[in-house]
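User: I am new to this structure and would like a close look at one residue, with the rest of the chain as background. Please keep the answer plain and connected.

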Amino acid sequence: MLTARSGCTIEDRVIAGSVEEFRKDFISRIWLTYREEFPPIEGSTLTTDCGWGCTLRTGQMLLAQGLVLHFLGRAWTWPDALNIENLDSESWTSHTVKKFTASFETSLSGEREIKTPTISLKETIGKYSDDREVQNEICHRKIVSWFGDSPWALFGLHQLIEYGKKSGKKAGDWYGPAVVAHILRKAVEEARHPDLQGITVYVAQDCTVYSSDVIDKQRASVTSGNADDKAVIVLVPVRLGGERTNTDYLEFVKGVLSLEYCVGIIGGKPKQSYYFAGFQDDSLIYMDPHYCQSFVDVSIKDFPLETFHCPSPKKMSFRKMDPSCTIGFYCRTVRDFQRTSEEITKMLKMSSKEKYPLFTFVHGHSRDYDFASTTANEEDFFSQDEERRLKRFSTEEFVLL
């Protein structure tokens, strides 16, 4: 397992005046979009998530960024990032519509478009000068493969939908950012891959992060003979206002996105989910999952990587953002989590013009505050309390297409 390295945030790179560095940093993030022609999802005949899977895709992107920080570090960038073709917004959108229409025609005719990889593992590794870079590229590909659109992929669409069934969701339904947060937590907890035993996910309860619950999850490995803390991805579902986003939260959101350990925000605007990764002035920089791409078989050794990296950053005014979202943070150790909670608490107090902050960190366990523990029975995917909370979240007005 590779250790994390410190590095600049997206905003730091832009402020420094290097557009090329910004592009390389942005493109290096893993991009998960609509796909078509993948193996049918169990219990349905669906072979595409076009039109309904965008929040699951943005959730995947947030988790992928957390795994990149965990295994590769914040300073890592993909060496081939600047070789990706840059698509402007207009051509991107028109191409998406054509792809979506063609997918139906193709399904009727039985034809399938065959694409030849242009950046192969052999070619890429041949460029590297040392073993560390080779290992980084192998790790990069492994992370991408965990999000493949196959039933066996640990964090693929098929698995996430399976975990979502306990919340009353099924393939073809719309998912809100809070429901997706719980699905991601369960997916990581259930992953049996040896490389993933050193990381866990915690989801805040009712806008509250219970510090002792987080630390217990991080130290769970100590009882099994491993003296190291587990890294944790903390997910906080929040609302940035009532029916519309309250612009008073803008400075806090910008501050959060500037943090080195922030892994992004699952959010969007009404009827569309985006993965927010940064900001410029009063606009948010995001990755858009609403781009229907062909299925890529990530089980083959030399699968192409281009369609898993976004060539064109987009931005949107903060005012247009839907208030329902989930914020994510990565903490490698217990000490990192404690520093994170202190830093964010100060930011919350400084930015809050209301009586109560957007969310809070409190000492102790959730049970100390008369909340039922969310520790799931090992025989169940979700505890009764979790199922009740998930079904409540599933009625969110955050409708996605």
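What is the relative accessible area of Glu-21, and how is the residue classed on that basis?

Analyst: The model is predicted. Glu-21 has a relative accessible area of 34%. Leu-82 comes 61 residues away from Glu-21 in sequence, yet the C-alpha atoms of the two are 9.5 Å apart in space.

Now the background. The chain has twelve helices and eleven strands. Of its 401 residues, 54% count as buried. Taking contacts between residues at least 6 apart in sequence, 76% join residues at least 24 apart.

A covalent link also joins separated parts of the chain. The structure has one disulfide, between Cys-50 and Cys-292, with 2.4 Å from S to S. Cys-50 sits in the loop between strand E1 (35-36) and helix H3 (54-71), while Cys-292 sits in the loop between strand E7 (283-287) and strand E8 (293-294), 242 residues apart. The torsion about their S-S bond is about 90°, so this disulfide is right-handed. Both Cys-50 and Cys-292 are buried. Cys-207, by contrast, is in no disulfide, and its nearest cysteine sulfur, in Cys-325, lies 9.6 Å away. Cys-207 is partly exposed, at 28% relative accessibility, whereas Cys-310 is buried at 0%.

The largest nonpolar core has 65 residues, and Leu-67, Ile-143, Phe-147 and Phe-155 have the most contacts inside it. H3 gives the most to this core, with nine residues. Beyond its neighbours within four places in sequence, Leu-67 is in contact with residues including Leu-72, Trp-146, Leu-196 and Ile-199. A second, separate core has 41 residues, among them Val-209, Leu-250, Phe-359 and Phe-361.

Among the buried residues of H11 are Val-334, Phe-337, Ile-344, Met-347 and Leu-348. Viewed down the axis, the buried residues of H11 fall within an arc of 140°, so they line one face of the helix. An α-helix has 3.6 residues a turn, so residues three or four places apart point the same way. Arg-335, Glu-342, Lys-346, Lys-349 and Met-350 are exposed on the other side of H11. The buried residues of H11 pack against several elements, including strand E4 (231-239), helix H10 (250-257) and strand E10 (324-331).

A strand can be two-sided as well. E9 pairs with E7 in the antiparallel sense over four bridges, and Ser-317 of E9 stands opposite Ser-283.

Technical notes: Residues are numbered from 1 along each chain as its sequence is written. This is a predicted model: local features need pLDDT of at least 70, side-chain atom pairs count only at pLDDT 80 or more; totals for chains, interfaces and linings use all residues. Side-chain values use heavy atoms; hydrogens and water are left out. Buried means under 20% relative accessible area, exposed over 50%, partly exposed in between (1.4 Å probe, protein chains only). A disulfide is a pair of cysteine sulfur atoms within 2.5 Å. The arc is that of the directions from the helix axis to the C-beta atoms. Contact means heavy atoms within 4.5 Å. Two strands pair if DSSP finds at least two bridges between them. A nonpolar core is a set of buried Ala, Val, Leu, Ile, Met, Phe, Trp, Tyr and Cys residues joined through side-chain atoms within 4.5 Å.
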